[in-house]
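Here is a short briefing on one protein. Look at the sequence and the 3D view first, then read the points by topic.

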Amino acid sequence: MKKIILTIIVTLSALAVHAQRTEKEVLQIDTLDVVYKTRYVSSFLDNWYIQGNFGGRVLIGEEDSQMNFKKRIDPGYQFAIGKKFYPSFGARISGGGARLTGWNSGEQGLYQGNSWLDPLVDPVKVYLEGKGVDTSKGYRQEMKFFDINLDLTLDMFNIFRRYKRYDRPFDWNMFTGVGYIHSFEWRGMPRNNKVAFRLGSFGTYNITNRLGLNVEVSADFTDAALDGELGKGRHCDIYVSAFAGLSYKIGKQGFTTIALISPESYDALNNRVSSLRKNVTEAPIVKVVNTKSNISLLAPSVVFNQNTDQFDEELQMVNIFKIAKLMKENPDQKIIIVGNVINSNEALAEKRAKKIKDILVNKYSVSSDRLKIRVQDINKIFNVKGNDQSVNFVADNN
């Protein structure tokens, strides 16, 4: 039995080590194969949960199988607090207890009892006979206890899935751990303190993103003397628990994903970005001419985030730079900065245009006398499409 328990614990521990290894991936970006490793990080205060479970327990000890199974089922409870340290594994502290019921056939054995009793005498039998119970055909052994446990939990979905998820309707965890059991001196049963090895599994159906229904099954393996019997051949006592209850997630849930790129891939990406940036900045400015007004719509434009005066600087600053470059190469050129009113109100469109003017004046030293601001429907004026949420540039040819 000890070899089996040890084998299972080693196997689950190996899964935990596998689960926490940084994952190596290869992603193709443009024409480059980028080698990176994925790491998941979170604050110590994140990914906590609590559980409250109630159900039944069954003791499996010497001769207990001779008793009707239903009569051996005792109520039990468990409360736990746990944390996920990684998408695939975590830890949990739990405590619980109540009662366990066993059976003694009355056959001779060795017993753990009070110091004044003969070890061949069962103190439970002495207690029951003192209460007038006939023990000649066997008798019940009843125990009150509590336990405290430390478990390693393994998220089985995230261990074997490439993409980690935290929003599933169901969660399934296996666990292994160690526990401390204290049984009370009660109805002839001696006081005991034992260490147990634990194996089990629990599943959760998430009713909301916080609250879930919890189902758990576990087995605790401990010394054969838990029930006070020493000499009837068993190497260990086991009690099996089946619970149902609620779980509740505390604090922020989930992990931040970090991609660790190899130095070689990082250098290759930098070189590729520099090449692409050079191609973009050297691309010619395209003009759409309105012959009636003698003005020209210049491409590119600056695209803003929906209904705000903010834009993605990494993507859009190169377009502002191209206009600044045009102004520098053509000292007499004047530009009209147009806040486009398509799907935007005039106040927001004007605010966007002023923001672009400030960048051209303050960052690129373009004279403000060469820049005008207007609020117009660019698509209508130039009979074009696709300038939603944008600021456009118009060359004044007059």
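The points below go from the whole chain to single residues.

This is a predicted model. The protein has 398 residues, and 44% of them are buried. It contains 8 helices and 16 strands.

**Confidence**
- The average pLDDT of the protein is 82.
- A score of at least 70 is reached by 78% of the residues.
- In residues 7-22 the pLDDT falls below 50. This stretch still has 24 contacts in the model beyond near neighbours in sequence.
- Residues 26-32 also have a pLDDT below 50. Here the model shows 15 contacts beyond near neighbours in sequence.

**Whole protein**
- Take the contacts with a separation of 6 or more: 70% of them join residues 24 or more positions apart.
- The accessible surface is about 21,800 Å². Carbon and sulfur atoms account for 57% of that surface.

- Helix H6 covers residues 313-329, and helix H7 covers residues 346-362.
- Their axes are 10 Å apart, at an angle of about 60°.
- The crossing of H6 past H7 is right-handed.
- Which residues meet? From H6 come Met-317, Ile-320, Ile-323 and Ala-324; from H7 come Ile-356, Ile-359 and Leu-360.

**A buried lysine**
- Lys-194 sits in strand S8, which spans residues 192-206.
- Is Lys-194 buried or exposed? Its relative accessible area is 15%. Buried means under 20%, so Lys-194 is buried.
- Beyond its neighbours within four places in sequence, Lys-194 has several contacts, including Gln-112, Tyr-180 and Asp-223. Gly-179, Ile-181, Thr-222, Ala-225 and Leu-226 are also in contact with Lys-194.

- Most residues other than glycine have a negative phi.
- Asn-47 has a positive phi, near 65°. Asn-383 has a positive phi of about 55°.
- Where is Asn-47? Asn-47 lies in the loop between strand S2 (32-41) and strand S3 (48-60).
- Asn-47 is buried, at 3% relative accessible area.
- Asn-383 is in the loop between helix H8 (378-382) and strand S16 (390-396).
- Asn-383 has 72% relative accessibility. Exposed means over 50%, so Asn-383 counts as exposed.

Key
Residues numbered from 1 in each chain as written. Predicted model: local features only at pLDDT ≥ 70, side-chain atom pairs only at ≥ 80, totals over all residues. Heavy atoms only, no water. pLDDT = per-residue confidence, 0-100. Contact = heavy atoms within 4.5 Å. Helix = DSSP H or I, 4+ residues; strand = E, 2+ residues; numbered from the N terminus. Buried < 20%, exposed > 50% of the residue type's maximum accessible area, 1.4 Å probe, protein only. Areas by Shrake-Rupley, 256 points an atom, 1.4 Å probe, with all protein chains shown as cover. Axes fitted to C-alpha atoms, helices over the stretch in contact; angles between N-to-C directions. Left-handed = near helix turned anticlockwise from the far one by under 90°.
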